[in-house]
Amino acid sequence: METGNSLVVFLSIIGSFLLILVIALIWGIRIYNKLVSGRNGFENAFGQIDVQLTRRYDLIPNLVETAKGYMKHERETLEAVIEARNQAASATQQVARAPGDPQAMQQLMGAEAALTGTLGRLFALAEAYPDLKANSNMLSLQDELTSTEDKVSYAREGFNNAVTRYNILRESFPDLIIASMFKFDAAELFVVDAPEQREAPKVSFS
Amino acid sequence: MELVSCMDLLESGFLFRGLAAQIDSSLGSLEQIPWQPLAIGFAAVALWILLAELSVRARRKQRLIDDVPTCKTAGVFIGLVEVKGTAESDDPLVSYLAESLCIHYSYTVSEQWRRLVTETYTDSKGNTRTRTRMKTGWDTVDQGTRSCPFYLEDDTGLLRVLPAGADIDSAALFSRSCGQGDALYYDKGPQSSVFGSTGTRRFVENGIPLHRRIYVMGSSRLQKDVVAPEIASDPQSPLFLISVKSEEQKSSSYSFQFWGWFLFGFVTAVALPAWLLAGAVPGPWWISGVLGGGVFFCYWTARWVVMVYNSLMALKNRVEQAWNNVDVQLKRRHDLIPQLVEVVKGYQQHEVGLQQHLALLRNEAQVAVGEVATACTPSLIALKEAHPELRANSLFIDLHEELIRTEEKVALARGYYNDIVEENNERVERIPDRFFGSLVKMRRRKYYEARSFERAAVQVDLVTEETSSAEKRA
């Protein structure tokens with residue numbers, strides 16, 4: 001009876017030891033996996049900043065060029081109208097001087113037609129953008145610049161959030177045991193690299 | 001060689017048989033193990049672990065609420081935020097019972113019954129007997145919960161909140177008991193009735209009414225369709241709470257839970273062993289009670305220490321996050337404002353040329369009307385009327401507004417940093433947190449301070465060089 005009891009005690013000690021070991025192992029693996037996904041989380045968040053920066057790099061120059069192109073178009077259209085108007089005016093004067101001259105009359109007709117054509121272009125321009133309108137182009141450029149920078153800054157805040165989550169995870173107990181065993185190093189938050197960029201930009205129109 | 005192996009076999013056979021005999025005898029002794037007390041013991045230990053956990057968890061939530069400063073909706077960043085404001089919605093729900101506008105409601109209809117029940121019980125002599133008795137009770141016959149996305153409004157703006165998955169504290173919207181004669185009885189309740197119904201129903205509804213002041217704490221993320229943050233359920237978020245209670249009420253209710261669960265656990269840990277093991281173990285009856293209480297207290301203290309450590313460490317990291325989020329706003333300002341200024345400048349330049357051309361055209365149109373009318377003169381007059389005034393104006397307004405918004409974002413980020421530094425510095429000195437200071441490497445932090453030249457009142461000077469020289473000439 002004595003030996004039987006001691007065997008039960010022995011077996012149950014071994015058994016509970018194994019059980020604790022298995023539980024600890026599963027628990028450790030869980031923490032390890034959490035740390036891994038935390039690390040991937042902030043690496044992805046860093047990538048998201050890059051996504052927004054690339055978007056900015058690709059988008060903004062094109063928008064600026066579009067706005068520039070439109071401004072050029074608007075200016076050229078007006079210049080063409082003035083040119084046509086001047087020609088029409090000089091043709092009118094010629095006709096006034098010599099009303100019988102069919103060549104002058106023909107010139108006037110041609111100049112008037114050209115002026116009508118350019119004016120048509122000007123009005124088409126005004127109709128396509130109901131306010132004549134390099135202005136509205138510029139307004140939407142401003143809006144897009146703002147929302148682009150908003151997106152970038154939200155991505156940076158998202159990165160800071162992911163880093164904070166990961167750092168909290170790797171420093172909290174008992175996770176820090178696994179974190180130090182498997183070299184889960186601390187992650188760095190977003191920092192402005194050049195200190196002068198922290199200063200307020202000077203707005204100047206002079 | 002063969003002999004040796006035979007001996008080996010024999011020996012192992014003997015060994016095996018010996019082992020089998022031992023297992024046999026141990027199986028016999030298994031019956032002697034007091035399984036029932038053991039099971040009770042395990043159940044009790046599991047209960048105490050659970051109670052200690054509940055107690056410590058309530059404290060963890062309380063500390064989180066206390067540590068995270070309130071954020072204005074305009075200054076909400078991506079991460080764990082706490083906001084206060086009123087619940088608003090363009091398309092609110094109509095609650096089922098009270099039929100009032102709300103953003104969340106849950107209702108229960110229960111019906112009373114009275115019936116004879118047969119129950120088995122064990123009498124004082126240990127015999128199993130059955131008896132019947134009249135019993136009354138309530139059955140839930142209908143219930144439902146609905147909530148809708150809403151906006152939290154404060155003095156700086158709106159913030160979208162998706163309440164799915166949140167812990168919601170509601171206010172009472174409706175509560176009434178009535179009999180079958182009442183119109184409400186069948187209007188809002190099912191047509192069928194429960195067995196043994198007494199014909200009484202209880203209608204209870206709780207919810208968050210529209211325009212109600214609420215407290216929200218949760219993780220924010222960027223909205224999918226708009227460039228703005230929203231608070232939504234996040235499995236990694238330590239807390240997602242929508243409450244009609246104030247922050248202080250919420251904090252003290254968690255504190256109450258903390259002490260309540262602890263006391264309950266401690267009392268059962270003392271009383272249960274003292275009562276169960278009174279005759280079973282040698283020594284005075286209170287020994288096992290003190291032992292049980294002591295073990296519970298030690299376990300609970302260990303959990304509490306870990307919780308305080310983790311909470312301080314999380315606070316330290318959040319302070320860092322707040323500091324670096326200021327950098328995010330500064331970088332945004334540095335990148336954005338010069339771009340906007342360039343846009344305004346570029347358009348200004350364009351408009352100067354444009355206006356000169358248009359002025360020329362206008363003059364010519366007037367001359368043409370006076371002298372020789374040409375076929376195109378009406379068109380030119382039309383153009384004169386339709387042509388734009390100075391439009392750089394709207395760009396300036398845009399720039400003006402964005403400058404304000406940008407500086408507000410920077411100021412809110414700095415304000416948040418100072419708020420969380422205040423929490424940090426308080427924890428550095430408070431008891432018991434200060435004893436953990438060196439362990440967590442927590443330290444006092446400096447508040448954000450304006451530089452001396454920034455403190456001076458700003459001189460507004462609207463006189464430009466051109467106007468001042470014009471004045472001189474006059």
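Residues are numbered from 1 along each chain as its sequence is written, and chains are lettered from A and ligands numbered from 1 in the order in which they are written. Because the model is predicted, local features need pLDDT of at least 70 and side-chain atom pairs count only at pLDDT 80 or more, whereas totals for chains, interfaces and linings use all residues.

The model scores ipTM 0.76 and pTM 0.78. Chain B averages 82, and 82% of its residues score at least 70. A contact here requires that the C-beta atoms of two residues, placed from the backbone, lie within 7 Å.

Chain A contains 4 helices and 0 strands, where helices (H or I, at least four residues) and strands (E, at least two) are DSSP runs numbered from the N terminus. From the N terminus on, the order of elements in chain A is α-α-α-α. Helix H2 (residues 102–128) has the lowest mean pLDDT among the elements of chain A, 70, and helix H4 (residues 175–181) the highest, 88. Of the 206 residues of chain A, 31% count as buried. A residue is buried if 20 or more other C-beta atoms lie within 10 Å of its own, exposed if 12 or fewer, and partly exposed in between, with C-beta atoms placed from the backbone. Among contacts in chain A between residues at least 6 apart in sequence, 78% join residues at least 24 apart.

In chain B, strand S3 (residues 101–122) pairs with several strands, pairing being assigned if DSSP finds at least two bridges between two strands. Strand S2 (residues 93–94) of chain B runs antiparallel to S3(B) over 2 bridges, with Leu93(B) opposite Cys102(B). These two strands form a hairpin with 6 residues between them, and Glu99(B) in the turn has a positive phi of about 55 degrees. S3(B) also pairs in the antiparallel sense with strand S4 (residues 128–147) of chain B over 19 bridges, and Glu119(B) stands opposite Arg131(B). The hairpin of S3(B) and S4(B) has 5 residues between the strands, where Gly126(B) takes a positive phi near 90 degrees. A further 10 bridges join S3(B) to the antiparallel strand S9 (residues 197–209) of chain B, in which Phe203(B) is the bridge partner of Val109(B).

Strand S10 (residues 213–222) of chain B is mostly covered, with 7 of its 10 residues buried. S10(B) pairs in the antiparallel sense with strand S1 (residues 79–88) of chain B over 8 bridges, and with S12(B) over 3 bridges. Tyr215(B) stands opposite Lys84(B) in the former pair and opposite Ser243(B) in the latter. Another 3 bridges join S10(B) to the antiparallel strand S11 (residues 229–231) of chain B, where Pro229(B) is the bridge partner of Leu222(B). A hairpin through 6 residues joins S10(B) to S11(B).

The largest nonpolar core has 70 residues, of which Phe159(A), Ile214(B) and Val216(B) touch the most other members. A nonpolar core is a set of buried Ala, Val, Leu, Ile, Met, Phe, Trp, Tyr and Cys residues joined through C-beta atoms within 7 Å. Helix H5 (residues 286–370) of chain B gives the most to this core, with 11 residues. Domain 1 (80–244) and domain 2 (326–454) of chain B, with bounds from an automatic or database domain assignment, both give residues to this core, so the core lies between them. Not counting residues up to four places away in sequence, Ile214(B) touches Ala87(B), Leu152(B), Ile208(B), Ile242(B), Ser243(B) and Val244(B). A second, separate core of 13 residues includes Ala67(A), Leu139(A), Val343(B) and Leu395(B).

Conventions:
pLDDT is the predictor's confidence in each residue, from 0 to 100.
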